[in-house]
Amino acid sequence: MSMSMMDNVFFTSTTTALYSSAWQPKSTGAYAGTCIFLIVLAVIFRSLIAGKHILEHRWMDKELNRRYVSVRGVPTEAARINADSEGKNVTLISERGVEEQVRVVKRHKRSVTPWRFSVDLPRAAYVTVTAGVGYLLMLAVMTLNVGYFLSVLGGIFLGELVVGRYAELEEH
């Protein structure tokens, strides 16, 4: 069938193939199972979006709470840290069991964090998986099957209802 002959209208059919000709429901029950799969996939998609937000906050908190320790008598960062009004004096027991006077501070400013293998590699993989699930949902909607379309919308609604409070809008 050529593109000019295809009608771009929604239709109802219980035998519409999903993703390949191998996944073509042959019965109403198989069609219902396919729709349930799409609902679950859409809930997973919304959960992935909420999960990324949670992970981003966790990574940022870890970066902001990174502690900078200075041993008295070491001239490198000690002067800057000791001058910080947010710092507090504490006693540290080192690996060698020796007590040393140190000053521990937290960084409060949010800025672009340095590239870290332990954060940026998982972030890239996570976004790739999220995009893949989103594209699978898009392909289901592009079949123009009303049942598939409503299943995706229903799954997104259900996912937002369950985990939407964990995902905040990005601040731009």
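A quick definition before the points: contact here means heavy atoms within 4.5 Å.

1. **What you are looking at.** This is a predicted model, so a look at confidence comes before the details. The protein averages a pLDDT of 79, and 66% of the residues score at least 70. Confidence is highest in H4, at 95, and lowest in helix H2 (residues 78–83), where the mean is 51.

2. **A stretch to treat with care.** Over residues 74–78, pLDDT stays under 50, and the model has 2 contacts beyond four places in sequence for them. Where pLDDT is low, the predicted coordinates should not be read in detail.

3. **The overall layout.** The protein has 4 helices and 3 strands. Reading from the N terminus, the order of elements is α-β-α-β-β-α-α. Of the contacts with a separation of 6 or more, 67% are between residues 24 or more positions apart. Buried residues make up 27% of the 172 residues. The protein exposes about 12100 Å², with carbon and sulfur atoms supplying 63% of that area.

4. **The largest nonpolar core.** Which members of this core touch the most other members? They are Leu18, Leu38, Val133, Leu137, Ala140, Tyr148 and Val152, out of 13 residues in the core. Helices H1, H3 and H4 each supply at least two residues of this core, and H1 gives the most, with 7 residues. As general background, nonpolar side chains tend to be buried together in soluble globular proteins.

5. **Valine 152, seen up close.** Setting aside its neighbours within four places in sequence, valine 152 is in contact with Leu38, Ala42, Leu137, Ala140 and Val141. Among these partners, Leu38, Leu137 and Ala140 are also on the list of core members that touch the most others, as is valine 152 itself.

6. **Threonine 34.** Is threonine 34 buried or exposed? Threonine 34 counts as buried because its relative accessibility is 3%, and buried means under 20%. This residue lies in helix H1 (residues 28–64). Apart from neighbours within four places in sequence, threonine 34 is in contact with Leu18, Trp23, Pro25 and Tyr148.

7. **A nonpolar patch on the surface.** Tyr19, Trp23, Phe37, Tyr135, Leu136, Met138, Leu139 and Met142 form a nonpolar patch on the surface, and together they have about 740 Å² of accessible area. Helix H3 (residues 117–141) gives the most to the patch, with 4 residues. Trp23, one of the patch residues, is also a contact of threonine 34.

8. Methionine 142 sits in the loop between H3 and helix H4 (146–163). Its relative accessible area is 55%, so methionine 142 is exposed.

9. The structure holds 4 salt bridges. In one of them, glutamate 160 pairs with arginine 46, with the closest N and O atoms 2.3 Å apart. Because glutamate 160 lies in helix H4 and arginine 46 in helix H1, the pair ties together parts that are 114 residues apart in sequence. Glutamate 160 is partly exposed, with a relative accessible area of 35%, whereas arginine 46 counts as buried at 18% relative accessibility.

10. **A pair along H1.** Lysine 52 and glutamate 56 meet through their side chains in a salt bridge (2.9 Å, N to O). Both residues lie in helix H1, 4 residues apart, which is about one turn of the helix. Lysine 52 is partly exposed, with a relative accessible area of 26%, and glutamate 56 is partly exposed too, at 24%.

11. What else does glutamate 56 meet in a salt bridge? Its side chain also meets that of arginine 123 (2.7 Å, N to O). This pair links distant parts of the chain, with glutamate 56 in helix H1 and arginine 123 in helix H3, 67 residues apart. Arginine 123 is partly exposed, with a relative accessible area of 23%. Through shared partners, salt bridges join Lys52, Glu56, Asp120 and Arg123 into one network. In general, side chains of opposite charge can pair when their charged atoms come close.

Conventions
Residues are numbered from 1 along each chain as its sequence is written. This is a predicted model: local features need pLDDT of at least 70, side-chain atom pairs count only at pLDDT 80 or more; totals for chains, interfaces and linings use all residues. Side-chain values use heavy atoms; hydrogens and water are left out. Buried means under 20% relative accessible area, exposed over 50%, partly exposed in between (1.4 Å probe, protein chains only). Accessible areas come from the Shrake-Rupley method with a 1.4 Å probe; for residues, only the protein chains shown count as cover. Patches are made of residues with over 30% relative accessible area and no salt bridge: like charges are joined within 9 Å, nonpolar side chains (Val, Leu, Ile, Met, Phe, Trp, Tyr) within 5 Å. A nonpolar core is a set of buried Ala, Val, Leu, Ile, Met, Phe, Trp, Tyr and Cys residues joined through side-chain atoms within 4.5 Å. pLDDT is the predictor's confidence in each residue, from 0 to 100.
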